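Please read them alongside the coordinates.

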Amino acid sequence: MASAVEGEKMPPGKAMTMGQHMVDKGAQMLQSLSPIKEMSQHACTFAIYSHDMSRQIETHHFITRINQDFLQCAVYDSDESHGRLIGVEYIISDKLYEGLPEDEQKLWHSHAYEIKSGLWVNPRIPEILGRSELENLAKTYGKFWCTWQTDRGDKLPIGLPSLMMSPQAVNPGIVKPELVQKRDNKYNISTNSLKESRVEIAEPEWINPQADYWKQHAKGFIVDVEQTEMKKREGIEFP
């Protein structure tokens with residue numbers, strides 16, 4: 001039975017029936033679910049809304065590595081069974097980032113500070129085992145779209161996607177201490193200790209200034225909806 005906390009976080013709707021549980025269990029047994037099985041990492045970190053940097057959230061990335069230059073992440077608001085899928089982040093190497101059009105580069109954020117500061121953690125994985133991955137991630141860029149703003153109490157994924165930014169060493173990109181402490185208490189870790197242990201992780205020789213666009217221009221990005229004419233299939237009248 002769901003706890004009171006889990007109940008508060010559940011979207012509105014009827015409780016699952018026994019029959020539905022049986023259908024789902026059967027599907028799990030018979031279907032491959034291959035993309036999900038390729039998820040190989042869980043990372044906990046923080047993200048900031050591009051259009052309102054006073055809003056900061058803890059995020060849980062469940063990561064699939066496609067190749068050495070590209071990762072894709074299903075992002076949840078928790079690593080508990082009731083965790084809600086709140087968005088998706090794509091992570092690319094600096095090599096791929098430099099090949100993007102300039103207008104596209106503005107939508108991405110760097111990861112160097114996030115890694116070096118100890119904010120990005122792989123819960124329950126010894127640092128020594130994840131060290132090489134952290135060294136690689138420090139040189140990457142990410143694009144994170146949030147599709148469900150649970151931090152403002154939304155019970156359903158309403159509204160438009162929001163572009164998210166990564167923490168940085170300058171305000172308003174500094175993560176609130178109480179958020180970090182809450183995360184540290186949960187996993188029995190010390191972000192400050194992790195930061196000290198990562199001193200020798202090499203920083204990128206150059207972080208493209210198009211990334212973390214707000215730092216240079218004090219501007220964020222917001223998505224808007226515009227009505228447009230539909231492209232119609234040839235020979236079909238509609239409506």
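**Notes on the predicted model**

1. Overall make-up. The protein chain has 10 helices and seven strands, where helices (H or I, at least four residues) and strands (E, at least two) are DSSP runs numbered from the N terminus. Along the principal axes, the C-alpha atoms fill a box of roughly 55 × 50 × 35 Å. Of the 239 residues in the chain, 39% are buried; buried means under 20% relative accessible area, exposed means over 50%, and partly exposed lies in between (1.4 Å probe, protein chains only).

2. Basis of the values. This is a predicted model, in which local features need pLDDT of at least 70 and side-chain atom pairs count only at pLDDT 80 or more, while totals for chains, interfaces and linings use all residues. Residues are numbered from 1 along each chain as its sequence is written, and side-chain values use heavy atoms, with hydrogens and water left out.

3. Second largest pocket. Its volume is about 450 Å³. A pocket here is an open set of points on a 1 Å grid over the protein atoms alone, where a 1.4 Å probe fits, with protein on both sides within 12 Å along at least five of seven lines. Grid points are joined across faces, edges and corners, and the volume is the space filled by probe spheres set on the points.

4. Lining of that pocket. The second largest pocket is lined by 18 residues, and Lys9, Glu58, Asp77, Ser78 and Lys182 lie nearest its centre; a lining residue has an atom within 4 Å of a point. Helix H1 (4-9), strand E2 (56-67) and helix H8 (177-187) are the elements that give two or more residues to this lining. By class, the lining holds nine charged, five polar and four nonpolar residues. Asp, Glu, Lys and Arg count as charged; Ala, Val, Leu, Ile, Met, Phe, Trp, Tyr, Cys and Pro as nonpolar; the others, Gly among them, as polar.

5. The structure holds 12 salt bridges, each being a side-chain nitrogen of Lys or Arg within 4 Å of a carboxyl oxygen of Asp or Glu. One of them pairs Asp79 with Arg124, with the closest N and O atoms 3.9 Å apart. This pair links distant parts of the chain, 45 residues apart: Asp79 is in the loop between strand E3 (70-76) and strand E4 (85-93), and Arg124 is in the loop between helix H6 (112-116) and helix H7 (127-137). Asp79 is partly exposed at 21% relative accessible area, whereas Arg124 is exposed at 69%.

6. Arg198 and Glu127. Their side chains meet in a salt bridge at 2.8 Å, N to O. Arg198 lies in the loop between helix H9 (191-197) and helix H10 (213-217) and Glu127 in helix H7, so the bridge ties together parts 71 residues apart in sequence. Arg198 is buried, at 0% relative accessibility, while Glu127 is partly exposed, at 27%.

7. Arg152 and Asp154. These two also form a salt bridge, and the closest N and O atoms are 2.7 Å apart. Arg152 is partly exposed, with a relative accessible area of 44%; Asp154 counts as buried at 10%. Elsewhere, salt bridges that share partners join Asp79, Glu80, Arg124 and Lys186 into one network.

8. Glu80. Glu80 and Gln56 are 24 residues apart in sequence and 20 Å apart in space, C-alpha to C-alpha.

9. Backbone points to check. Most residues other than glycine have a negative phi, and most peptide bonds are trans. The peptide bond from Asn171 to Pro172 is cis, with omega near 5 degrees, and Pro172 lies in the loop between strand E7 (162-165) and H8. Arg124 has a positive phi, near 70 degrees. Ala218 also has a positive phi, near 55 degrees; Ala218 sits in the segment after H10 and is exposed, at 68% relative accessible area.

10. Nonpolar surface patch. Leu33, Ile36 and Met39 make a nonpolar surface patch of about 240 Å². Patches are made of residues with over 30% relative accessible area and no salt bridge, nonpolar side chains (Val, Leu, Ile, Met, Phe, Trp, Tyr) being joined within 5 Å; accessible areas come from the Shrake-Rupley method with a 1.4 Å probe. Met39 is in the loop between helix H3 (34-37) and strand E1 (41-49) and is partly exposed, at 32%.

Note on methods: Patches are made of residues with over 30% relative accessible area and no salt bridge: like charges are joined within 9 Å, nonpolar side chains (Val, Leu, Ile, Met, Phe, Trp, Tyr) within 5 Å.
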